[in-house]
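Subject: Structure for you to look at

Hello,

Here is the structure I promised to pass on, and I would be glad if you could look through it before reading my notes. What follows after it is a description of what was found.

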Amino acid sequence: MPDTSRIDARGPRFAASITAVLLLVATVLSLIGISTQRGAYGWFAYQPLADATFRPDGWAVQQLPLLDRVADPGFVVVLVIALLFVWGVTSPRTAPWGVLYRRVVQPRLAPPTEFEDPRPPRFAQGVGLFVTAAGLLVHLAGVPWALPIAAAMAFVAAFLNAVFGLCLGCQLYLVLQRAGLIGRRGPAAV
């Protein structure tokens, strides 16, 4: 049985690289989607309607249906990414990017020299889930720009991890651990 108390430190960076690419695509798609359409404010499209109640400027306000918000390509991609984050949090050993790394990439690399605790990267997956889920929910509530902002925030975090090895979620985990709020198994090491 493999040792699950330490993981190859290159694995989370590999996963962050793929996640960053997906989040970049999601950000671009959400920027060109209905969340940022010119003339739309919170999915209130201004259209002249003959039998509608008119505003003082002569245009009627009609809210776009929920189905239009769900069918937005940016929403769909961010939803898939959020589901991948759920997978990474609930079952990190079977998450697709970890399996791909362990089965395809890692055997082609030199043996790992640097190992890390798996809890901070798993917590970082939870932070990514929180950010993307918040963006999805606020998007569905009708707030303009919510989806591209959430996707861009998650992209920046994944990009920093992939390129520079700076895991913002891991750093947050360590701060919360030092504060005694999470992750303590026993007394702190001196």
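**The nonpolar patch**

Val 28 is partly exposed, with a relative accessible area of 43%, where partly exposed covers the range between buried (under 20% relative accessible area) and exposed (over 50%), using a 1.4 Å probe and protein chains only as cover. This residue is found in helix H1, helices being DSSP runs of H or I with at least four residues, strands being runs of E with at least two, and both being numbered from the N terminus.

Residues are numbered from 1 along each chain as its sequence is written, and side-chain values use heavy atoms, with hydrogens and water left out.

Val 28 belongs to a nonpolar patch on the surface, together with Leu 24, Leu 31, Ile 32, Trp 145, Ile 149 and Met 153, and the accessible area of these residues together is about 690 Å². Patches are made of residues with over 30% relative accessible area and no salt bridge, with like charges joined within 9 Å and nonpolar side chains (Val, Leu, Ile, Met, Phe, Trp, Tyr) within 5 Å; accessible areas come from the Shrake-Rupley method with a 1.4 Å probe, and for residues only the protein chains shown count as cover. Helix H1 (10–31) and helix H6 (146–164) each supply at least two residues of the patch, and H1 gives the most, with three. Leu 24, which also lies in H1, is partly exposed at 41% relative accessible area.

If neighbours within four places in sequence are left aside, Ala 26 is in contact (heavy atoms within 4.5 Å) with Gly 74, Val 77, Val 78, Ile 81 and Ala 151.

**Salt bridges**

The structure holds two salt bridges, each being a side-chain nitrogen of Lys or Arg within 4 Å of a carboxyl oxygen of Asp or Glu. One joins the side chains of Asp 8 and Arg 10 at 2.9 Å, N to O; Asp 8 is buried at 8%, whereas Arg 10 is partly exposed at 28%. In the other, the closest N and O atoms of Arg 119 and Asp 117 are 2.6 Å apart.

**Confidence**

The mean pLDDT, the predictor's confidence in each residue from 0 to 100, is 85, and 81% of the residues reach 70 or more. Over residues 186–190 the pLDDT is below 50, and this stretch has zero contacts in the model beyond near neighbours in sequence. Where pLDDT is low, the predicted coordinates should not be read in detail.

Best wishes

Conventions: This is a predicted model: local features need pLDDT of at least 70, side-chain atom pairs count only at pLDDT 80 or more; totals for chains, interfaces and linings use all residues.
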